[in-house]
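Hi there,

Here is the structure I promised to pass on to you. Have a look at it first, and then read my notes below.

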Amino acid sequence: MREAAALPRLPRLDDLRDAVTVAAVRTGRVVEVKHPLVQHKLSYLRDKNTPTVHFRKLVNEITLLLTYEATKDLPTEDVEVETPLEVGVCPILRAGVGMLDGVLSLISSARVGFIGMYRDEETLEPVEYYAKLPADVAERDVILLDPMLATGNSTAAAIKTVKDAGATSVRLIAIIAAPEGIEKITTDHPDVQIVVAAIDRGLNERGYIVPGLGDAGDRLYGTK
């Protein structure tokens, strides 16, 4: 009797994470910021005992630090007088609003747009309910803000919204990302740079990031 052929090993979540991360980093489109200050603040965000007031402050501080990385290659021009950067900032409602002040503290001249997007809990597909963008968004470098890049469906839809409005330079700042979300963005929008504080293990059966830090919107605004 012949021995049965061994079944091929199924990929583990860690293998998926590593494969997606390596592929994305190889293209230069994903930056995981390992700076000690970012990681120190992130550890407090993950703590379920961190109160809303401190959670909100930490999101602002981490966003500020990530903005340095996200804007380091913006083009500059020699001029005779100082001019503002042509940047448009678009938080994805509602949790993205918690990141807005962190960007504006560095780029105070940026114009702000808002994209209302929520995830249908049955299908995990995005539903857009509001979009208000700067009239000249096509002429600006757009920074999208979304604390949690989970499935990537809502974020990819938001990127499409700003591109449909004429934006040609788009980058995303998130605090925590899952490999699945990174894969979604780099597949649908390979030209978009992603800047994050951490790439976590993956998604659970409900499409939430694990280990993650809970629902960022609820923790920002104390709604749960």
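Predicted model: local features only at pLDDT ≥ 70, side-chain atom pairs only at ≥ 80, totals over all residues.

**What I found**

Residues are numbered from 1 along each chain as its sequence is written, and side-chain values use heavy atoms, leaving out hydrogens and water.

Strand S9 (residues 176-177) pairs with S11 in the parallel sense, over 2 bridges. Two strands count as paired if DSSP finds at least two bridges between them. Helices (H or I, at least four residues) and strands (E, at least two) are DSSP runs, numbered from the N terminus. An open sheet of 3 strands runs in the order S7-S9-S11, with parallel pairing. At its edges are S7 (148-149) and S11 (198-199), each pairing on one side only.

Now for helix H2 (residues 36-46): its buried residues are Val38, Lys41, Leu42 and Leu45. Buried means under 20% relative accessible area, with a 1.4 Å probe and protein chains only. Seen down the axis of H2, these residues fall within an arc of 105° (taken from the directions from the helix axis to the C-beta atoms), so they line one face of the helix. Their cover includes helix H3 (52-70), S9, S11 and helix H7 (216-221).

Overall, the chain has 7 helices and 13 strands, and 46% of its 224 residues are buried.

Enjoy exploring!

Terms used
Buried < 20%, exposed > 50% of the residue type's maximum accessible area, 1.4 Å probe, protein only. Contact = heavy atoms within 4.5 Å.
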